[in-house]
Amino acid sequence: MKKKNIALILAALMAATAATGCGGGSGARVAKEVTVAKEGYPVVDEVITINAVGYGEPGGGEWEEFPIFKQLEEKTNVDVNWTTVSGDGADEKLNLLLASSKELPDAVFSGLSTTKIATYAEKGLIRPIEDLIDGGYAPNLKKILDERPEIRKAITMPDGHIYAVPAINEDEQPVMTTTLNINKDWCDALGVNVEDIKTVDDFKNLMDRFVNEDPNGNGEKDEIGFTLEPVSPYHVWNGDANFTGMWGISTDYDPVMVKDGDIICSVTQPEYKDYIIWFRDMYTAGLIDKECFTHDHNQYMAKIDSGNVGAYLTNGPVTSAQATFVALPPLEGPAGAHWGSLDFSIDKGRGLITTTNPYPEATMRFIDSFYEPENSLNLRYGVYLQANGDQYEILPNESGKPAQAPGSYVATNLSKEVTEKYIIKTEEQIQATERKELYGPYLLEPLPLMNYTPEEASDLSSLSADITKIVSEQKAKWCTGQGDIEAEWDTYIESLNKVGLEKYMEIQNTAYDRYMGS
């Protein structure tokens with residue numbers, strides 16, 4: 001979902017540039033003369049104004065009203081005219097807003113994919129910022145890059161430029177995005193010890209008992225066995241992108257993974273075929289939620305909250321209002337006990353400066369202030385951040401009450417060092433850490449944080465759409481028993497090759513070799 005939003009943001013920027021020219025055309029603003037300080041506050045000796053676009057969560061509030069931005073604007077003398085885009089029709093609103101502007105916004109905050117960074121940097125929309133970072137206008141970020149060269153490597157494009165700033169997250173190691181959670185109440189009702197569920201066959205047998213032996217005790221056969229969200233984009237957060245690790249493959253954002261020092265296409269491997277067959281057999285036997293390919297996210301969460309499911313996948317807390325669920329470690333599958341993973345330690349593309357910005361140095365200093373620990377914490381948690389001496393507590397979210405902060409959509413420094421020093425962990429956070437530790441020994445190698453040339457990015461963008469469409473359609477068809485994977489497998493592979501899978505894989509391996517050799 002984020003990648004789709006980002007594409008439309010930048011498409012709008014292109015449209016705006018086409019109307020005004022990369023230099024801003026006749027509508028370009030002229031910067032007034034100001035002195036920009038390389039350290040301390042305020043950043044400039046008199047107030048300046050920049051225009052910025054922020055992409056927010058639906059119902060998350062207007063960035064203009066967020067207390068942390070008001071504080072930073074007053075502190076820096078950089079006044080920001082925020083345009084917030086969120087909610088239903090957000091992509092269209094953003095497209096219309098930017099396409100009708102007389103000039104580009106001065107800064108954009110949202111998660112940019114590496115392909116979009118490359119494509120739009122080549123179009124002249126995004127300003128390289130390594131000169132600002134190394135020239136003293138980003139002292140906080142430069143310190144981070146000097147201490148952690150892997151971050152500089154991850155955000156540096158093949159042309160040697162840095163075009164966007166990252167968010168640094170607590171998890172320095174690769175992490176799973178989901179856990180497998182079992183209904184302990186139902187296990188207790190059937191006399192099953194949760195710790196005895198160790199293999200995928202054990203899991204299948206348990207789901208069979210759940211749907212056929214009335215563990216909820218209402219005398220009706222209304223139990224849902226295993227539920228998940230196997231459809232993009234939620235397949236990463238509440239679906240089977242990690243779950244397939246027990247078959248030795250990972251099917252995260254891209255249908256590629258690292259294996260034996262090469263990039264392979266996970267969805268063309270024999271192991272993927274075996275997984276689909278397992279899923280189909282579970283589904284057609286009534287052991288997997290019949291609505292898993294059609295329910296929306298809210299419906300999925302409501303099912304979990306009802307407690308009338310035997311097992312589910314989620315990246316969030318293991319919780320339900322009506323039942324007790326416990327997280328199981330990866331089960332022993334055909335490839336062993338493995339689980340897919342992603343590297344979230346460096347969340348690239350969380351802020352950029354456009355080429356028409358009249359105050360790039362001051363804007364860089366403003367963005368750089370986000371990396372100060374207390375600012376980072378306020379930007380992520382907003383009103384749910386409560387001071388407790390020299391540390392902070394993260395309060396539980398209240399239904400319907402937004403955090404009044406941009407959350408993950410902006411640059412922050414929430415490294416392990418920062419979080420351990422400043423955050424008093426809540427019970428929920430302690431449990432999340434325990435789940436990560438539970439899964440840590442089983443994680444497959446994640447895809448590295450590769451970058452692409454403009455040519456590669458352009459090719460990947462067009463190839464990916466066709467490849468993803470075929471994979472998604474066939475997955476749903478086969479998993480629900482509406483197609484015969486054994487009979488159609490060769491045709492499936494041929495169709496992927498016809499739309500450019502071989503070229504797609506060549507680009508991915510070239511980028512991987514370049515990354516590993518840099």
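A: Four strands form an open sheet in the order β6-β9-β5-β10, with mixed pairing. Strands are DSSP runs of E of at least two residues, helices runs of H or I of at least four, both numbered from the N terminus. Two strands pair if DSSP finds at least two bridges between them. The edges are β6 (224–227) and β10 (325–328); each has a single partner strand, so one side of each lacks a neighbour in the sheet. On average, neighbouring strands are turned by 25° against each other, direction ignored. Axes are lines fitted to C-alpha atoms, for helices over the stretch in contact, and angles run from 0 to 180 degrees between N-to-C directions.

This is a predicted model: local features need pLDDT of at least 70, side-chain atom pairs count only at pLDDT 80 or more, and totals for chains, interfaces and linings use all residues. Residues are numbered from 1 along each chain as its sequence is written, and side-chain values use heavy atoms, with hydrogens and water left out.

Within the sheet, β5 (residues 179–183) and β9 (residues 309–314) pair in the antiparallel sense over four bridges. Thr179 stands opposite Thr314 in β9. Helix α9 (residues 200–212) packs on the sheet and touches β5, β6 and β9. Its direction makes about 40° with that of β5. Helix α12 (residues 297–306) lies across β6, β9 and β10, at about 130° to β9. Contact here means heavy atoms within 4.5 Å.

Next, helix α4 (residues 114–122). Eight of its nine residues are buried (under 20% relative accessible area, 1.4 Å probe, protein chains only). Ile117 is one of them. Gly124 follows α4 with a positive phi, near 85°.

Ile117 also lines the largest cavity, together with residues including Tyr163, Lys348 and Asn451. A cavity is a set of points on a 1 Å grid over the protein atoms alone where a 1.4 Å probe fits but cannot get out; a pocket is an open set with protein on both sides within 12 Å along at least five of seven lines; lining residues have an atom within 4 Å of a point. The largest cavity holds about 50 Å³, a volume being the space filled by probe spheres set on the points.

The second largest pocket has a volume of about 350 Å³. Its lining has 16 residues; Lys143, Glu147, Asn413, Glu417 and Val418 lie nearest its centre. Helix α6 gives the largest share, five residues.

Conventions
Buried means under 20% relative accessible area, exposed over 50%, partly exposed in between (1.4 Å probe, protein chains only).
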